[in-house]
Amino acid sequence: QVQLVESGGGLVPAGGSLRLSCAASGGTFGTNALAWFRQAPGKEREFVVGISWSGGNAYYADSVKGRFTISRDYAKNTVYLQMISLKPEDTAVYYCATRPAYYNRNVYTAASQYSTWGQGTQVTVSS
């Protein structure tokens, strides 16, 4: 079964940038849909961005649109989240998730729709 490992989190000042990575091991997620979620202290896990199995469709939460970009590298079996213009409210643990997509073009936005999760990486944006 595919396992996911996130990396790239850290502490940055407001306005800064980070790139998160999520690498798959024990298998491939070449035909899977992928997404990033985040969870801030005391809050529920929220959808950030999702991408279809082909990479042709992506959907962003309004709060990150224009600042975050998702991409996937099939050869490296890795999905990335490039984050710019970071704000203190972006502070959270960021999780990547994946699920089989069966060659459809869907982007899944609910956490319950994903079957495999990484352990998370902390992003802290200081004001």
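Me: Is S85 buried, partly exposed or exposed, and what is its relative accessible area?

Reply: Buried means under 20% relative accessible area, exposed over 50%, and partly exposed in between, with a 1.4 Å probe and protein chains only. S85 falls in the partly exposed class, because its relative accessible area is 36%.

Me: On what basis are such values given?

Reply: This is a predicted model, in which local features need pLDDT of at least 70 and side-chain atom pairs count only at pLDDT 80 or more, while totals for chains, interfaces and linings use all residues. Residues are numbered from 1 along each chain as its sequence is written, and side-chain values use heavy atoms, with hydrogens and water left out.

Me: Where is S85 found, and what is its phi?

Reply: S85 belongs to the loop between β8 and β9; strands (E, at least two residues) are DSSP runs, numbered from the N terminus. Most residues other than glycine have a negative phi. S85 is not a glycine, yet its phi is positive, near 50°.

Me: Is R67 buried or exposed, and what is its relative accessibility?

Reply: Contact means heavy atoms within 4.5 Å. Leaving aside neighbours within four places in sequence, R67 has contacts that include Q82, M83, I84 and D90. R67 counts as buried because its relative accessibility is 10%.

Me: What is the phi of N77?

Reply: N77 sits in the loop between β7 and β8 (78–83). N77 counts as buried, because its relative accessibility is 12%. Although N77 is not a glycine, its phi is positive, at about 55°.

Me: How many bridges join β4 to β9?

Reply: Two strands pair if DSSP finds at least two bridges between them. Strand β4 (residues 32–39) and β9 run antiparallel, and A33 has R99 as its bridge partner in β9. The number of bridges joining β4 to β9 is eight.

Me: How many residues lie between β4 and β5 in their hairpin?

Reply: β4 and strand β5 (residues 46–51) run antiparallel and are joined by five bridges, with L34 opposite I51. In the turn, G42 has a positive phi of about 75°. The number of residues between β4 and β5 is six.

Me: Which residue in β10 stands opposite T98?

Reply: T98 has its place in strand β9 (residues 92–100). Two bridges join β9 to strand β10 (residues 116–117), and these strands run antiparallel. The residue opposite T98 is T116.

Me: With which side chain does the side chain of T98 make a polar contact?

Reply: T98 is buried, because its relative accessible area is 1%, and seven of the nine residues of β9 are buried. Not counting residues up to four places away in sequence, T98 touches several residues, among them L4, F29 and Y114. The polar contact, at 3.0 Å, is with the side chain of N32.

Definitions and conventions. Helices (H or I, at least four residues) and strands (E, at least two) are DSSP runs, numbered from the N terminus. A polar contact is a pair of N or O atoms within 3.5 Å; within protein, one must be able to donate a hydrogen and the other to accept it, and residues adjacent in sequence count only if both atoms are side-chain atoms.
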